[in-house]
Each structure stands twice: as structure tokens, then as C-alpha cells.
Amino acid sequence: MEGEEKYTIGYLIKNIGTKKSHQIIKKGVIEMTHNAKQAHNGKLPNYDAIVIGAGFSGLYMLHRLREAGCSVQVYEAGSDVGGTWYWNRYPGARCDIESMYYNYTFSEELLGEWNWSSRYAAQPEILNYIHFVADKFDLRRNIQFNTRVTTASYDEKSNHWSIHTNNGLNVTAKYLITALGCLSAANKPNFDGIVRFKGEIYHTGDWPHEKVNFKGKRVGVIGTGSSGVQAIPVIAKEADQLTVFQRTPQYSTPAHNHSIDEKVIKETWTNYHELRKFMQASIHGIPDIPRDKSALEDEIGERQLNYEKAWNNGGLFTLMYCYNDIVANEAANETASEFIRSKIKEIVDNPDIAEKLMPSYHYATKRPIIDTDYFETYNRNNVSLVDLKTTPIKEVTPIGVRTTEAEHELDVIVFATGFDAITGPLFNMDIRGKDGVTLKDKWAGGADIKTYLGIAASGFPNLFMITGPESPSVLSNMIVSIEQHVEWIADCIDYLGKNKIEKIEAKVEAEASWKKHCMEVAQYTLLPKADSWYMGANIEGKPRGSLVYMGGVGQYRQICEDVAIKGYEGFSMEHIPEVSN
Ligand code: NA7
């Protein structure tokens with residue numbers, strides 16, 4: 001009893017002036033001083049770390065830091081966990097990485113307890129998986145939902161990040177970790193007259209939780225990226241009429257989705273340790289690599305056979321991996337591009353429509369697409385195609401979409417217009433580092449992105465970005481890249497704690513050499529030639545520049561590991577000043 005009572009104010013008042021109370025007060029002061037050592041001005045932050053976002057990256061970050069004994073709070077704009085898979089609920093939404101490689105790999109226990117139903121899991125199943133993980137590790141107790149972080153500012157005096165949310169919350173943390181997802185800021189083109197439209201408007205990246213009914217309706221889909229290509233065949237089956245508004249034709253290859261046998265899954269889980277190592281050392285984070293041969297070394301007949309086999313196997317990288325120079329050499333690329341164009345010609349009955357569907361950019365310099373019956377859908381008599389390159393959209397009218405050629409009457413408009421990728425989510429928040437400089441200003445609105453490893457930025461101490469700009473992120477299997485970043489950041493925070501380092505910041509020169517390296521690597525590929533969202537080229541007014549590291553996840557992992565082994569080379573660090581008791 002006495003042990004409990006001695007800590008109450010009542011006990012101290014009752015025993016004021018006694019030797020015992022002096023001891024308790026002194027002990028309390030010493031404890032406070034000890035704690036205050038961790039903060040410059042004696043003011044403790046609310047949390048060791050604040051994580052923004054509760055998708056795949058935020059959830060794993062929370063788990064790792066909590067396991068390490070850190071106090072962590074996650075803020076999430078949605079009403080539940082899931083990130084990308086919470087928002088992208090559009091018809092046909094499905095992963096383009098094979099399910100068995102699109103799950104967390106850090107826990108063997110997790111692997112053993114989960115079975116995927118098909119080669120490419122649909123959105124509801126992936127969301128269920130994320131719920132399963134959140135339940136298993138009891139993650140929701142440290143997540144505040146329906147809470148959007150509006151500003152995050154670094155205070156140099158206290159070395160804390162202050163976070164403000166849309167619902168009036170003000171909290172502080174020593175570390176700020178963004179787990180925003182690369183494709184979470186929906187691109188909603190502001191066409192003239194859009195507010196006058198009398199029908200329904202949806203965006204694939206911000207889809208309602210309730211089923212949208214297309215039955216008996218005239219639907220327009222604007223955009224033919226991965227989301228449009230997945231949604232179009234499904235909507236076409238339900239709608240009365242479907243009009244597809246296409247700005248850039250796409251290369252898409254068949255997914256050949258199918259159910260998977262439980263036995264195959266169990267076998268895969270058994271060998272997962274090896275697979276995981278392979279994925280981590282690979283280019284795109286999958287257990288496969290390109291064939292070590294140029295496309296130009298094979299005779300035409302041999303090459304066609306290879307492409308045909310890849311087409312029939314299906315998969316995101318299968319065709320690209322037929323040879324090692326498809327994204328590096330224009331002539332090699334053209335062989336694959338032309339093969340896909342020939343398939344489009346073969347599948348689509350109407351030669352004029354087939355012609356409009358044929359892309360001319362270099363295959364795989366935009367993220368490749370895999371589909372189920374996409375090109376076949378244009379053979380349906382309730383589907384029509386509008387080529388926006390020749391007849392651009394002029395305005396949205398109360399009854400539809402008017403191009404320079406005609407007014408298309410619609411009941412529903414579906415924007416499948418993608419995202420302000422990678423920098424969009426960071427810029428949507430007011431993130432301020434030293435001297436109140438915003439991340440947006442530091443990066444000249446995106447025209448001059450400077451990061452160190454895509455994880456940190458100078459002028460922004462104690463800020464970590466999971467899958468930030470200039471990291472492999474969307475060029476890879478996201479889960480592999482997410483796990484690598486989360487583990488690197490957790491190890492770094494652990495190192496800082498053990499070495500009594502309070503502040504870590506990327507050096508300006510380290511950023512400059514990382515940028516140089518990123519640009520050098522990019523020059524070995526054809527990717528900078530495309531108007532893709534990798535290059536920031538999908539959004540009007542967005543500065544063009546490479547948003548991703550193109551050297552592959554294996555090489556990138558090695559670089560990050562070396563940085564850590566060398567005591568976080570390229571970062572400046574400040575030790576906690578000694579406080580005498
Ligand atoms: P994407 O791949 O960015 O596709 C968006 C599509 O919308 C694409 O066809 C764009 O044409 C088109 N778009 C964008 N803005 C406009 C305007 N203003 N007018 C007409 N058409 C427009 O996004 P997704 O959501 O499909 O896929 C994103 C990723 O999610 C995907 O790669 C997977 O990883 C999952 P453009 O090609 O830019 O000319």
C-alpha cells in the first residue's frame with residue numbers, strides 16, 4: 001500500500017517537510033531530468049514517432065516500432081486500414097503483382113495463416129488480408145482513423161515535429177514518418193463545366209463503398225491506364241452503353257488470372273525464405289529476372305515464339321523479361337512493342353478501332369498493364385472509343401462530355417485519370433522543415449527534387465519517407481520496397497536510440513550525389529523518354545523529372561545497407577547533450 005500511496009499528491013501534502021517527502025520529490029525531479037535529456041528544452045513529445053497513413057507501409061512501420069518499444073501513433077484519413085486498397089474499390093480492381101508475392105514476408109507465421117484464392121487477387125481479398133494483419137497484430141489501437149494530417153512542422157529548438165490534423169488535433173513526436181502511398185492523390189482533371197454535369201461522377205481512386213449501379217446507364221470512362229483497363233471490361237458488361245475516352249493508347253498483355261490450388265500455396269510458403277531473398281535481390285521485387293540475351297540476338301521467328309509464349313503465360317513482367325534490353329534499347333523495345341500491336345490488330349475486329357488502340361511510345365516505359373478481356377471489349381456493340389488525341393475534350397456539359405467533334409450523352413462519368421504520383425501526397429500536406437521551409441519549396445514544386453536515398457531530405461531532420469521520390473517504389477513490387485524501407489527506418493531509429501543520437505539529417509552533398517546517381521542510372525533506360533507518371537508527365541503543369549530510382553531493388557537495397565553499415569554515411573547526427581543530475 002505504502003508503495004502506491006507514496007506517489008500520490010495527498011501523501012506528499014500529508015508528509016510535507018518530512019525526509020520521506022523530500023526523497024520522493026527528489027526522485028521525481030531526477031526522473032523528470034532523465035526523461036528531459038531526450039528533449040532539448042525539457043518538453044517531451046507526445047510520441048516517439050508519428051506515422052501518417054495506415055496502408056501496407058504505415059501498418060508495418062507501426063508494428064516494427066511498437067515491437068522495438070517506441071510509442072507510435074498513426075493517423076489515417078480513411079475510416080479503416082488499407083491505404084490504396086481502401087480507396088481503389090472500382091469494378092475490376094485487382095493487383096498486377098502475383099498474389100503470392102504481394103504479401104508481407106517479414107513473418108512466417110503470417111504467411112502460414114493466409115491463402116490467396118487466385119493468381120491476381122481482387123481488391124476485396126487484398127483488403128481482407130490487410131484487415132487480417134491489422135487484427136493479428138492488434139494494430140488498430142494505435143491508429144486514429146478519419147483524421148487527415150494537414151500540417152507537419154519541425155521545431156528546431158525542441159527537435160520535435162508538430163502535427164496538426166483536420167479535426168483540430170495538435171500533437172508532437174520526435175520522428176515523423178510518411179507512409180502516404182505513391183498513388184494516393186487522385187488526379188481529377190478540372191474540365192470546364194464539370195460542376196454543371198447532372199449525372200453521377202466517380203474517380204477510380206476514390207470509389208464509393210457502396211456498389212455503383214451501371215445497369216441501363218450510359219457510362220463514360222475517361223482514362224485508359226491500369227485502372228481504366230481493369231474497369232472497362234467489367235463496366236461494359238453491365239452498362240447500357242460505354243464510351244471510352246482515350247488520351248494515350250496502352251500496351252496491355254493478358255493477365256491469365258486463375259484460381260490457385262491450396263497445395264501450391266503451401267509449397268510456396270515452405271520455400272518462401274529463399275524466394276524472399278531472390279525477390280529482395282531482383283530488379284522489380286519478384287522472384288524472376290530477365291533472360292540474359294538481347295532481343296536483337298534472336299532471329300525473328302525465335303523472338304516471336306518467345307513473345308508468344310510470354311503472351312500465353314501472362315504476367316506483368318513476362319514479356320519484358322524475354323530479353324534484357326527491352327527497356328534499354330530502342331530497336332529491341334520496338335520488337336516487343338510491335339508484337340503487342342500485332343496482337344491488338346488480331347483481337348479487335350474493327351480495323352479503325354484497332355488502329356486507335358495502338359500505342360506508339362516504347363513498351364514498358366509507362367507501367368505495363370495486364371488485363372482480362374480489355375481489347376476484346378471493343379468488339380462489343382455497346383462500347384465505343386473516342387480518341388482524345390485527335391478530338392480532345394472541350395468541356396463537360398449538363399448531359400455529357402463534349403469533344404471538339406461531338407457531344408457524348410452520359411448518365412455516369414468515371415474518371416480513371418490516375419494520380420498525382422509520389423510527390424502529390426507529400427505536397428498535399430504542409431510539411432515544413434528547418435526555418436519553416438516547405439518540402440514543396442525545397443523541391444521547387446517538384447522541378448528540383450532532392451532526397452537522400454528517397455528516404456530523407458536535408459533541412460528536414462528526423463523525417464523519414466517510406467517509398468519517397470527517388471526510391472524504386474512503383475517500379476517494383478511495392479510490398480518488397482515497403483518492407484525494405486520500414487526495416488531500414490526501424491533499424492536507423494534503433495541505432496539512434498542506442499547511440500544517444502537525437503537528431504539525424506541528410507547532408508546536402510549526399511543528396512546531390514544521390515540525385516546524380518539516379519540521373520545516371522535513368523540514362524541507361526528508355527524510361528525518361530515517356531510521358532509517364534514516373535516522370536511526372538501525366539499532370540498538366542507538373543514539372544517533368546524522374547520520381548523513381550531506376551537501378552532496381554537489389555542494387556538499391558545494397559546501397560541502403562552500405563549506408564547503414566558505415567554508420568549512416570551521408571547523414572549528419574547530433575548527440576544528446578549530457579545533463580548533470
Ligand atoms: P494512370 O496509369 O496514370 O492512367 C490514367 C489514365 O488517365 C491515362 O490513360 C491518362 O492518359 C488518362 N488521363 C489523365 N489525365 C487525363 C486528362 N486530363 N484527360 C484525359 N485523359 C487523362 O492511372 P491508373 O489509375 O490507371 O493506374 C495507376 C497505377 O495504379 C497503375 O499503374 C497500377 O500500378 C495501379 P495519359 O496516358 O497520361 O495520356
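Visitor: How far is a backbone N or O atom of A416 from an oxygen atom of the ligand?
Guide: The distance is 3.2 Å. Keep in mind that this is a predicted model.

Visitor: OK. Which residues come nearest to the ligand?
Guide: T224, S227, R247, T248 and K366 do, out of 21 residues around the ligand.

Visitor: What does T248 do there, in distance terms?
Guide: A polar side-chain atom of T248 sits 2.4 Å from a ligand oxygen atom.

Visitor: New topic. In helix 9, which residues are buried?
Guide: I265, T268 and W269 are buried in helix 9, which runs over residues 262-270. Down the helix axis, the buried residues fall within an arc of 100 degrees, so they line one face.

Visitor: What's on the face turned away?
Guide: The exposed residues K263 and T270.

Visitor: And what covers the buried ones?
Guide: The cover includes helix 6 (108-112) and helix 10 (272-281).

Visitor: Now the largest nonpolar core. Which residues touch the most other members?
Guide: F56, Y129, I177, Y378, F464 and W488, in a core of 166 residues. Helix 17 (residues 478-498) gives the most to this core, with eleven residues. Domain 2 (47-185 + 421-505) and domain 3 (194-415) each supply at least three residues.

Visitor: What does Y378 touch?
Guide: Leaving out residues up to four places away in sequence, Y378 touches I232, V244, V348, I353, L357, V383 and L385.

Visitor: How many residues are in the other core?
Guide: Twelve, including I393, V401, L410 and I413; this core lies apart from the largest one.

Conventions
Residues are numbered from 1 along each chain as its sequence is written. This is a predicted model: local features need pLDDT of at least 70, side-chain atom pairs count only at pLDDT 80 or more; totals for chains, interfaces and linings use all residues. Side-chain values use heavy atoms; hydrogens and water are left out. Buried means under 20% relative accessible area, exposed over 50%, partly exposed in between (1.4 Å probe, protein chains only). Helices (H or I, at least four residues) and strands (E, at least two) are DSSP runs, numbered from the N terminus. The arc is that of the directions from the helix axis to the C-beta atoms. Contact means heavy atoms within 4.5 Å. A nonpolar core is a set of buried Ala, Val, Leu, Ile, Met, Phe, Trp, Tyr and Cys residues joined through side-chain atoms within 4.5 Å. Domain bounds come from an automatic or database domain assignment. A residue is near a molecule or strand if one of its heavy atoms lies within 4 Å of it. A polar contact is a pair of N or O atoms within 3.5 Å; within protein, one must be able to donate a hydrogen and the other to accept it, and residues adjacent in sequence count only if both atoms are side-chain atoms.
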